[in-house]
Amino acid sequence: MLFAINSYQMKERWLVKRYLAVAGFAFLGGASREGVELLWPVSDHWLWTTMLINIIGAFLLTLVNFWAAERLPLPSEVILGLGTGFVGAFTTFSSFSLEMVKLLLRHFIGSAMLYVTLSLVGGLCAAFAGQMLAKWLMARAQRGGER
């Protein structure tokens with residue numbers, strides 16, 4: 001058969017779609033992070049931009065996983081692209097780590113501890129807020145469907 005596609009070719013196409021989704025959304029996520037960093041540049045005196053980006057990312061990733069993946073009729077490649085691609089490129093653990101090292105090398109121990117604490121607590125609170133918003137959106141959609 002001339003047009004027959006074997007299972008290997010199907011898997012190849014499936015993988016290509018997933019890689020392209022992650023790459024495309026990663027471009028958007030990285031560009032968004034750059035936009036935020038242009039608005040509030042990171043400097044020796046202002047390291048909080050990375051913390052804010054990571055907290056926003058924790059909220060968005062939870063919202064994608066608890067709401068978009070469950071309620072929106074989106075292909076799995078789009079969900080993967082949103083989470084792994086966009087949010088993965090938007091957030092940055094490596095910059096967080098670098099900024100921590102810079103604070104510690106400058107002996108700003110108090111600032112470093114505050115930065116770690118606010119990043120962790122803020123990220124967890126943002127993730128819980130994303131989950132709560134997802135739950136509220138799903139309940140609202142169910143109530144709307146019952147009418």
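The bend at a residue is the angle between two fitted axes, one for the seven residues ending there and one for the seven starting there. Helices are DSSP runs of H or I with at least four residues, numbered from the N terminus. In helix 2, a kink of about 35° is centred on Val64.

The model is a predicted one, in which local features need pLDDT of at least 70 and side-chain atom pairs count only at pLDDT 80 or more, while totals for chains, interfaces and linings use all residues. Residues are numbered from 1 along each chain as its sequence is written, and side-chain values use heavy atoms, with hydrogens and water left out.

- The expected span of a helix is 1.5 Å times one less than its number of residues.
- Helix 2 has 24 residues and should span 34 Å at 1.5 Å a residue; its end C-alpha atoms are 33 Å apart, which agrees.
- Helix 3, with 15 residues, reaches 20 Å from its first C-alpha to its last, close to the 21 Å expected.
- Helix 3 also bends, by about 30° at Leu82.

**How helix 2 and helix 3 pack**

- The axes of helix 2 (residues 48–71) and helix 3 (residues 76–90) come within 9 Å and cross at roughly 175°. Here axes are lines fitted to C-alpha atoms, for helices over the stretch in contact, and angles run from 0 to 180 degrees between N-to-C directions.
- The two helices, helix 2 and helix 3, are therefore roughly antiparallel, a term for angles over 145 degrees.
- Contact means heavy atoms within 4.5 Å. On the helix 2 side, the residues that meet helix 3 are Ile53, Ile56, Gly57, Leu60, Leu61, Val64, Ala68 and Ala69; their partners in helix 3 are Ile79, Leu82, Gly83, Phe86, Val87 and Phe90.
- The residues of this contact comprise 12 nonpolar, 2 polar and no charged. Ala, Val, Leu, Ile, Met, Phe, Trp, Tyr, Cys and Pro count as nonpolar, Asp, Glu, Lys and Arg as charged, and the others, Gly among them, as polar.

**Buried residues**

- Buried means under 20% relative accessible area, exposed means over 50%, and partly exposed lies in between (1.4 Å probe, protein chains only).
- The buried residues of helix 2 include Thr49, Met51, Ile53, Gly57, Val64 and Ala68.
- In helix 3, the buried residues are Glu77, Ile79, Gly81, Gly83, Gly85, Val87, Ala89 and Phe90.

**Residues in the other elements**

- His107 is placed in the loop between helix 4 (93–105) and helix 5. This residue has a positive phi of about 65° although it is not a glycine, and His107 counts as exposed at 65% relative accessibility.
- Lys135 belongs to helix 5 (residues 109–146) and is exposed, with a relative accessible area of 56%.
- Lys102, in helix 4, counts as partly exposed at 39% relative accessibility.
- Leu28, in helix 1 (residues 7–39), counts as partly exposed at 44% relative accessibility.

**Separations between C-alpha atoms**

- Lys135 and Phe66 are 69 residues apart along the chain, and their C-alpha atoms are separated by 7.6 Å.
- Lys102 and Asp44 are 58 residues apart in sequence and 8.4 Å apart in space.
- Val78 of helix 3 and Lys17 are 61 residues apart along the chain, with 9.4 Å between their C-alpha atoms.
- Leu28 and Ala58 are 30 residues apart in sequence and 17 Å apart in space.

Key
Angles under 35 degrees count as roughly parallel, over 145 as roughly antiparallel, 65 to 115 as roughly perpendicular and the rest as oblique.
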